[in-house]
Amino acid sequence: MNTSLSAKRILIYGDSFVFGVIPGGSGARYDASTRYTGVAQNYLGSEYEIIEEGLRGRTVSGDNGFFPHRDGLVQFDGIFGSHLPLDLIIIGLGTNDTNSARDLSPEAIVAGYTKYLRGISWWCKHLGFTKPKVAFIAPPVIDEPATDKVFKNIFHGSGPKALALPTLIKAFAKDNKVLCFDASAVVAPSPLDGVHLDIENNRLLGRALAQFIKEVL
């Protein structure tokens, strides 16, 4: 918690990238200073407050298919409302919606973001707070052949879908007059599991996100 009254508050709502999963299948989590959210916080300094809300396997909406209690849309309202007021809300979801248990096109995945915009507007009006700026993260691509090492068939067929997401998310952001940060242009997944980020890529992503935040706030 940053107790500075002038600190700009940023909520980052996401999946295992925000949670900070260490690649390789151990289930371990990077410490706060190594996760990209912590890297961004350290670069931004005390005049900003990063609030991380990351859950492994979280989807844009609907059941994950492999892991229970991961519906990001169902969870979002209470989490978002509990952190108001905010200056910026960053939503980084979509990777888990590409998994092999879900028959979703990339277009259908991105269309799910619309309900988040509605929820943001409702909660701000309901609680009487100014609506924050909104940004969506285009997630890193998936190295599908490498996912077999840890995830077996979970991400079979996910590679092309994940590759299509950045372009679609950018178009969605433009059409809805919100912001987009393209993580896929900054980092690449670890060869250990084909999805998650190593320490260096967390550092690269955190630095790039900090610069993005400074530019938009």
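The model is predicted, with local features requiring pLDDT of at least 70 and side-chain atom pairs counted only at pLDDT 80 or more, while totals for chains, interfaces and linings use all residues. Residues are numbered from 1 along each chain as its sequence is written, and side-chain values use heavy atoms, leaving out hydrogens and water. Helices (H or I, at least four residues) and strands (E, at least two) are DSSP runs numbered from the N terminus.

**Aromatic rings**

- There are 10 aromatic pairs in the structure; rings of Phe, Tyr and Trp (its six-membered ring) pair if their centres lie within 6.5 Å, and planes under 30 degrees apart count as stacked, over 60 as edge-to-face and the rest as tilted.
- One of them joins Phe-151 and Phe-155 edge-to-face, at 5.4 Å centre to centre with 80 degrees between the planes.
- Phe-151 and Phe-155 are each buried (buried means under 20% relative accessible area, exposed over 50%, partly exposed in between, with a 1.4 Å probe and protein chains only).
- The pair of Phe-181 and Phe-212 is tilted, because the ring centres are 5.3 Å apart and the planes lie at 55 degrees.
- This pair links distant parts of the chain, 31 residues apart: Phe-181 belongs to strand S5 (residues 179-182) and Phe-212 to helix H8 (residues 199-216).
- Phe-181 and Phe-212 are both buried.
- Tyr-13, Phe-76, Phe-80 and Tyr-116 are linked by ring pairs into a cluster.
- Over the ring of Phe-19 sits the charged end of Arg-29, 4.2 Å from the ring centre (the criterion is NZ of Lys or CZ of Arg within 6 Å of the ring centre and within 35 degrees of the ring normal).

**Helix packing**

- Helix H3 (residues 72-83) and helix H5 (residues 113-127) have axes that come within 10 Å and cross at roughly 25 degrees; axes are lines fitted to C-alpha atoms, for helices over the stretch in contact, and angles run from 0 to 180 degrees between N-to-C directions.
- H3 is therefore roughly parallel to H5 (angles under 35 degrees count as roughly parallel, over 145 as roughly antiparallel, 65 to 115 as roughly perpendicular and the rest as oblique).
- The crossing of H3 and H5 is right-handed; a crossing is right-handed if the near helix is turned clockwise from the far one by less than a right angle, and left-handed if anticlockwise.
- Residues of H3 that meet H5 include Phe-76 and Phe-80, and those of H5 include Tyr-116 and Trp-123 (contact means heavy atoms within 4.5 Å).
- Helix H2 (residues 36-44) packs with H8 at about 50 degrees, the axes being 7 Å apart.
- That angle makes H2 oblique to H8, and the crossing is right-handed.
- Among the residues in this contact are Tyr-36 and Tyr-43 in H2 and Arg-203 and Leu-209 in H8.

**A buried loop residue**

- Asp-15 is in the loop between strand S1 (8-14) and helix H1 (16-19), and counts as buried at 1% relative accessibility.
- Leaving out residues up to four places away in sequence, Asp-15 touches residues including Arg-56, Arg-58 and Asn-96.

**Backbone exceptions**

- Most residues other than glycine have a negative phi, and most peptide bonds are trans.
- The peptide bond joining Leu-84 and Pro-85 is cis, with omega about 5 degrees; Pro-85 lies in the loop between H3 and strand S3 (88-92).
- His-69, not a glycine, has a positive phi of about 60 degrees and lies in the loop between strand S2 (48-54) and H3.
- His-69 is exposed, at a relative accessible area of 69%.
- Lys-177, also not a glycine, has a positive phi of about 55 degrees in the loop between helix H7 (158-175) and S5.
- Lys-177 counts as exposed at 76% relative accessibility.
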